[in-house]
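Dear colleague,

I am passing on the structure we spoke about, together with some notes on what turned up in it. Please read the notes with the structure open beside you, taking them one part at a time.

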Number of protein chains: 2
Amino acid sequence: MALSIALLLYDRFTMLDAVGPAEVLTLLPDVELKLVAKTAGVVWPDNRAMPFVAPYGLSDVPEADILLVPGGTGTGDHLADAELLDWIRQLHAGSRYTLSVCTGALLFGAAGLLKGAEATTHWAARGQLEAFGATAVTGRWAQAGRIFTAAGVSAGIDLALHIAALIAGDETAQAIQLAIEYDPQPPFDSGSLEKAPAGLAEKLFAGAVALGSRDDRPRPPLPSMP
Amino acid sequence: MALSIALLLYDRFTMLDAVGPAEVLTLLPDVELKLVAKTAGVVWPDNRAMPFVAPYGLSDVPEADILLVPGGTGTGDHLADAELLDWIRQLHAGSRYTLSVCTGALLFGAAGLLKGAEATTHWAARGQLEAFGATAVTGRWAQAGRIFTAAGVSAGIDLALHIAALIAGDETAQAIQLAIEYDPQPPFDSGSLEKAPAGLAEKLFAGAVALGSRDDRPRPPLPSMP
């Protein structure tokens, strides 16, 4: 039996949250990845830059060995989405590992999975996470039983390597790291709230450093597809 | 005028090669990302795990400020693909930056762009790169004029942050790094040929450490799409 991974997509997920761990985990032997959305079809990430496709709707995937939930600016739209939260609870009930990246942890919180648990999320969402009864911790990921929550966006790659090791052993995980040449050497050291230059996070919030809009960018046309 | 990025997809590209840099670069202000394939439509990455969609064909995108070419196990199918190599040469002629990730550099080599140049690629493809007249170097990326070649898969994230800094300055690039919480802390230190445990690369080549098949995995069904 292949190891099954259900990867949830929703409007305005962050694409690297999903694709980073998916790249790592699909390098495990004998894995089946299923992209799931509320309804099967095209799903747009929060940068609006490229269409993704979920072949499966929620009811098509009632269980999986691994549940993987990315974050994104669209998370907030689903914190009271009973159908989606029910599905998350259902998948978690039968999963071997239940994983979130970034603000995906807020959906676990909204589903009631993190009460009294240590968890993490994007640095900007720690307060929201605690509102669900979790204790927000720093670090690249946190573990609470079968639930692993990764920090923002790129942290999903680190967590996925850890999960790969739990599933297939250290040597296989190291081979995956070598296969994706993951020897990170970012040109700056500003990847966490604690390491970024003083005041940078505040400038980001205030718009004094402007990044690309994630929500109101026009979407490219879809080609005709079979 | 928005900064235009043409991201080439082809059958059996590596999805993280494409999505890592795309995530970083679409966080720059006022960017338009165009996914391009030989023919507009669905394109499958080398892990066969999820469908991607290229809204544009080659002739739809005759120029761009940035050309971004990912690697993948499918690169080898296009090393004598005159139509594709012509397009790469054409885009490079008018680009501000011409970027490859992983074995994407082999397509630049085949297009004649790397003769006498320092370049890099996935560690396993350095010999192939040199066959095109390049000098293969180690490191996360190499620069030869307007051409920047990144090492394997995840190195595209590091290169994209460097390019973001060239385009918009260090502070904006640092803010992007903070936004994607890119403070990498992999659980192992085996991400390069030089750092991996002795013999691991040989075991990978020999199949003594088995990773997921990238080429013969069944593809999921496509949902009906508009």
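One aromatic cluster is formed by A:Phe13, A:Phe52, B:Phe13 and B:Phe52; please keep in mind, here and below, that this is a predicted model. Over all chains, a search of the whole structure gives 7 aromatic pairs. In one of them, the ring centres of A:Trp123 and A:Phe205 are 5.8 Å apart and the planes stand at 80°, which is over the 60 degrees needed, so this pair is edge-to-face. Because A:Trp123 lies in the loop between strand E8 (118-119) and helix H4 (126-130) of chain A, while A:Phe205 belongs to helix H7 (residues 200-206) of chain A, the pair ties together parts that are 82 residues apart in sequence.

Are these two residues buried or exposed? A:Trp123 has a relative accessibility of 8% and therefore counts as buried, whereas A:Phe205, at 61%, counts as exposed. In chain B, B:Trp123 and B:Phe205 also form an edge-to-face aromatic pair, with 5.8 Å from centre to centre and 80° between the planes. This pair, too, links distant parts of its chain, since B:Trp123 is in the loop between strand E8 (118-119) and helix H4 (126-130) of chain B and B:Phe205 is in helix H7 (residues 200-206) of chain B, 82 residues apart. B:Trp123 is buried, with a relative accessible area of 8%, and B:Phe205 is exposed, with 60%.

Turning to the interface, 85 residues of chain B are in contact with 84 residues of chain A. The area buried between the two chains is about 7,300 Å², and carbon and sulfur atoms give 65% of it. On the side of chain B, the residues that lose the most area to chain A are B:Leu178, B:Glu181 and B:Phe188, which together make up 11% of what that side buries.

How many salt bridges are there between chain B and chain A? The count is 4, and among the salt bridges is one in which the side chains of B:Lys195 and A:Asp183 meet at 2.7 Å, N to O. Between the chains there are also 42 residue pairs in polar contact, counting pairs with both residues at pLDDT 80 or more. The largest share of the side of chain B that touches chain A comes from H6(B), with 10 residues.

With best wishes

Methods: Residues numbered from 1 in each chain as written. Chains lettered and ligands numbered in written order. Predicted model: local features only at pLDDT ≥ 70, side-chain atom pairs only at ≥ 80, totals over all residues. Heavy atoms only, no water. Phe/Tyr/Trp six-rings, centres within 6.5 Å; stacked < 30°, edge-to-face > 60°. Helix = DSSP H or I, 4+ residues; strand = E, 2+ residues; numbered from the N terminus. Buried < 20%, exposed > 50% of the residue type's maximum accessible area, 1.4 Å probe, protein only. Contact = heavy atoms within 4.5 Å. Buried area = accessible area lost by both parts, 1.4 Å probe. Polar contact = N/O pair within 3.5 Å; in protein donor to acceptor, adjacent residues only side chain to side chain.
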